[in-house]
Amino acid sequence: MSGTARYNRQILLPEIGDAGQDKLLKSKVLVIGAGGLGAAILPYLAAAGVGEIGIVDDDRIEISNLQRQVIYKTDAIGKLKAKEAKAMISELNPLVKVKAICEKLSGRNAISLFEKYDIIVDATDSIAIKYLINDACVATEKPMVYGSIFRFQGQVSVFNYQNGPTYRCLYPDENSNVANCEDAGVLGVSVGIIGMLQANEVLKMIM
């Protein structure tokens, strides 16, 4: 298997082994958002050997992002997050196929994007986009790995997996009054912890 030495420490785990690593290599994961959550999720998925990763984000890096979006450097300010995240992954693990999708997720592109991947990861801070991700996951029968942050608190869950509940089962009605990180503030470490828990759920699902 290509890259066996790279993944040796996790292949040694009896719960993973060569079979689990093979599953990772064949998996395709789409991450919506390359901000704070994405900055924690993406490197761990790439380092574990997820075969193909898509990154959807149309934002550019701002100086206020660097407190929690730790995959970006100061000289990347003004550049597109998806492209910079792709470059980081390629340096970390050149065996991973990465696609930077520098556009906003919308009702026009969600279905066609989701159909190309096995697992969809919500790494956004927009309530409206979370509902869009949920609905597109239901339509395409894809599992959704959800994450959310509010100041020092966070939530992680898996929706639409093996006939399980959807995001709308937990939150039937959209609450547009929920504050995002820009308005409420957030501790960078809290974002990183939630993102890594999301990455863990993705890996569990694959293997």
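The legends below describe close-up views of a predicted model.

Figure 1. Helix α4 comprises residues 81-92, twelve residues in total, and it reaches 16 Å from its first C-alpha to its last, close to the 16 Å expected at 1.5 Å a residue. The buried residues of α4 are K81, A82, A85, M88 and I89. Viewed down the axis of α4, these buried residues fall within an arc of 120 degrees, so they line one face of the helix. An α-helix has 3.6 residues a turn, so residues three or four places apart point the same way. K83 and E91, on the other side of α4, are exposed.

**Figure 2. Helix α6 within the structure.** Helix α6 (residues 127-140) has 14 residues, and the distance from its first C-alpha to its last is 20 Å, close to the 20 Å expected at 1.5 Å a residue. Ten of these 14 residues are buried, so α6 is largely enclosed by the rest of the structure. The buried residues are I127, I129, K130, Y131, L132, I133, N134, A136, C137 and T140. Their cover includes the strands β1 (28-32), β4 (119-122) and β5 (144-150), together with the helices α5 (110-114) and α7 (167-170).

**Figure 3. Cysteines of the model.** A search of the whole structure finds zero disulfides. C137 is in no disulfide, and the nearest cysteine sulfur, that of C169, is 13 Å away. A disulfide requires the two sulfur atoms to be within 2.5 Å. C137 counts as buried because its relative accessibility is 1%, under the cut-off of 20%. C102, in contrast, counts as partly exposed, at 30% relative accessibility.

**Figure 4. E141, the residue that follows helix α6.** E141 comes after α6 and has a positive phi, near 60 degrees. This positive value occurs in a residue other than glycine. E141 lies in the loop between α6 and β5. With a relative accessibility of 70%, E141 counts as exposed.

Figure 5. Q162 is found in the loop between β6 (153-159) and α7. Its phi is near 50 degrees, a positive value in a residue other than glycine. Q162 counts as exposed because its relative accessibility is 64%, over the cut-off of 50%.

Definitions and conventions: Residues numbered from 1 in each chain as written. Predicted model: local features only at pLDDT ≥ 70, side-chain atom pairs only at ≥ 80, totals over all residues. Heavy atoms only, no water. Buried < 20%, exposed > 50% of the residue type's maximum accessible area, 1.4 Å probe, protein only. Helix = DSSP H or I, 4+ residues; strand = E, 2+ residues; numbered from the N terminus. Expected span 1.5 Å × (residues − 1). Arc of directions from axis to C-beta. Contact = heavy atoms within 4.5 Å.
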